[in-house]
Amino acid sequence: MQDVYIIGIGIHPFGRTDGVSGLQQGANAARAAMADAGLEWPDMQFGFGGSDSAGNADTIVNELGLTGLPFINVKNGCATGGSALIGSWQAIASGAHDVGIAIGFDKHPRGAFNALPAEYSLPEWYGEAGFMVTTQFFAMKLQRYMALHGISPTSLGRVAEKAFRNAVHADHAWRRSPVDIDTILNAQMISDPLTKYMFCSPAEGGVALVLASAKKARELGRDQVRIKAAVVRTRPPGSFEVFAPCMDIERGGAPTLLASKAAYEMAGIGPQDIDLVQLQDTESGAEIMHMAENGFCGDGDQEEWLANGWTNIDGRLPVNTDGGCLACGEPIGASGLRQVYENALQLRGLGGGRQVPGKPRTAYSHVYGAPGISGVTILER
Amino acid sequence: MGASAIAEGLFRETPEPTLIGGRHRETGRIVFPCPDDAARWEAVDLPRRGTLWSWTVQRFRPKSPPYTGPEDFAPFAIGYVELPGATIVETQLTGVDFDRLMIGMAIELTTIAFTTDADGKDVRLYAFTPVTEG
């Protein structure tokens with residue numbers, strides 16, 4: 001296996017862009033990433049990409065050029081971007097190609113995600129009865145976690161407050177105004193214990209990353225950010241997943257535990273070696289639970305971490321430096337690559353008002369989604 | 001005016017209603033609902049009482065489709081119930097104030113008139129409710 005570098009990054013702002021299709025947002029991100037790398041579309045030897053709700057990614061050749069390159073569609077729920085990155089990483093690590101592009105984009109209607117039972121091999125009555133709602137799952141996983149590990153509603157508020165505060169300095173974020181913690185805690189309850197400011201909203205956006213071999217990256221003078229690990233895992237027995245009519249009494253692991261462990265092994269480092277982190281935060285409790293699932297603290301330690309601001313930009317381990325899904329919104333096909341975009345930007349020292357101090361060397365990103373899949377990447381400068 | 005269950009094979013509407021799970025013929029693992037695969041799974045009655053494993057309140061009307069509950073929406077509680085020796089089942093919770101819901105509380109199976117169908121007939125759904133002493 002040869003080393004793989006991220007040599008170009010591009011993003012189309014998240015949120016709502018009326019009149020621009022999801023695919024066009026992906027194409028805009030691709031153009032930005034190629035310009036950043038000093039390359040053009042005919043230089044791309046392959047592409048991997050996907051969206052959840054905005055169509056087949058391979059039709060992007062109509063926007064970018066009919067160069068005949070192989071382009072593979074990815075449709076992996078919240079791990080779509082992460083899977084596109086892994087496909088691209090493998091294509092270069094294997095020696096088959098020198099340079100290629102990973103693209104993720106999406107454009108969802110307003111309101112909650114609308115899942116149908118048949119898409120998840122579930123009986124019709126399950127949706128008819130009102131169980132086909134992702135927010136319920138997040139709320140119930142969190143409710144139990146809070147009871148078992150002593151997590152307070154105040155900590156949920158602190159996570160959301162930090163997200164909006166960080167996003168003020170992220171020009172690709174959607175919600176860029178600070179919200180104070182009292183407003184967050186006293187806002188309308190959506191699914192107990194989570195108020196409306198503690199959930200992300202379905203959104204739009206596009207991200208692209210240009211990857212290259214070490215040789216190509218050096219030729220271009222772009223060998224700053226290396227991919228140390230890129231991993232996707234599906235669920236183990238006994239995990240608690242969205243859309244589950246029942247689960248075993250004997251509780252087991254979680255897909256994030258598997259992906260995280262595999263990524264650390266692949267990178268040859270541990271959680272203590274990581275300088276900054278992007279965690280799946282589709283609601284503020286998810287960030288709290290994922291801090292522990294990815295090995296950064298013990299269950300229940302998050303109370304102390306958040307009270308002391310240790311996950312702030314200037315804390316001991318900054319988490320979700322661009323405001324995460326809470327502030328950027330959730331375009332499913334793009335979010336995983338947004339995290340890697342943000343990490344690459346931070347490692348290059350280009351974070352501007354949200355730059356993590358002390359010249360960070362390692363950055364970790366994590367996605368999780370239905371029906372029990374998790375993706376982790378580790379980058380190194 | 002009759003009534004019908006939301007789906008066949010989920011539960012029996014006897015005076016003491018019963019959920020019908022499935023037991024794997026080789027491993028003994030119990031799931032709900034019973035999978036439609038008689039070669040591997042046999043139907044089994046699930047315990048009627050259990051403890052609340054987790055809960056939340058659905059405070060906005062789920063999108064239709066797939067939701068077929070009343071247009072005139074009222075928030076409802078849902079949860080997972082641990083049925084001892086069997087499995088943990090997802091369910092609506094009925095007959096309890098939202099601020100009394102607590103993980104570990106004792107609850108038992110009942111059924112509710114969940115909605116009405118196109119002919120105006122009640123559609124019945126299983127639900128769990130706090131155990132009343134006595």
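Guide: A residue is called buried if 20 or more other C-beta atoms lie within 10 Å of its own, exposed if 12 or fewer do, and partly exposed in between, with the C-beta atoms placed from the backbone. This is a predicted model, in which local features need pLDDT of at least 70 and side-chain atom pairs count only at pLDDT 80 or more, whereas totals for chains, interfaces and linings use all residues. Residues are numbered from 1 along each chain as its sequence is written, while chains are lettered from A and ligands numbered from 1 in the order in which they are written.

Helices (H or I, at least four residues) and strands (E, at least two) are DSSP runs numbered from the N terminus, and two strands pair if DSSP finds at least two bridges between them. In chain A, nine strands make an open sheet with mixed pairing, in the order β3-β2-β4-β7-β1-β8-β12-β11-β10. Its edges are β3 (71-73) and β10 (276-278) of chain A, each of which has a single partner strand, so that one side of each is left without a neighbour in the sheet. On average, and with direction ignored, neighbouring strands are turned by 20° against each other, where axes are lines fitted to C-alpha atoms, for helices over the stretch in contact, and angles between N-to-C directions run from 0 to 180 degrees.

Within this sheet, strand β8 of chain A (residues 225-234) is largely enclosed by the rest of the structure, because eight of its ten residues are buried. Two bridges pair β8(A) with strand β1 (residues 4-15) of chain A in the antiparallel sense, and A:Y5 has A:R226 of β8(A) as its bridge partner. Eight bridges, again antiparallel, pair β8(A) with strand β12 (residues 373-380) of chain A; here A:T234 stands opposite A:I373 of β12(A). In a regular strand, side chains alternate between the two faces of the sheet.

Helix α9 (residues 255-267) of chain A packs on the sheet, where it touches β8, β11 (362-369) and β12 of chain A, and its direction makes about 150° with that of β8(A). Contact between two residues means that their C-beta atoms, placed from the backbone, lie within 7 Å.

The surroundings also include a nonpolar core, that is, a set of buried Ala, Val, Leu, Ile, Met, Phe, Trp, Tyr and Cys residues joined through C-beta atoms within 7 Å. The largest such core has 157 residues, and the ones that touch the most other members are A:L209, A:V210 and A:L211. Helix α13 (residues 332-347) of chain A supplies the largest share of this core, eight residues. Once neighbours within four places in sequence are left aside, the contacts of A:L209 include A:I6, A:G8 and A:I9, and also A:L337, A:V340 and A:Y341. As 16 of the 16 residues of α13(A) are buried, the helix is largely enclosed by the rest of the structure. After α13(A) comes A:G349, with a positive phi near 80°.

Two loop residues deserve a look as well. Most residues other than glycine have a negative phi, and most peptide bonds are trans. A:N320, which is not a glycine, has a positive phi near 55°; this residue lies in the loop between α11 and α12 (324-328) of chain A. Is A:N320 buried or exposed? A:N320 counts as buried, because 27 C-beta neighbours are found inside 10 Å. A:K359, in the loop between α13 and β11 of chain A, likewise has a positive phi, near 50°, but with 11 C-beta neighbours inside 10 Å A:K359 counts as exposed.
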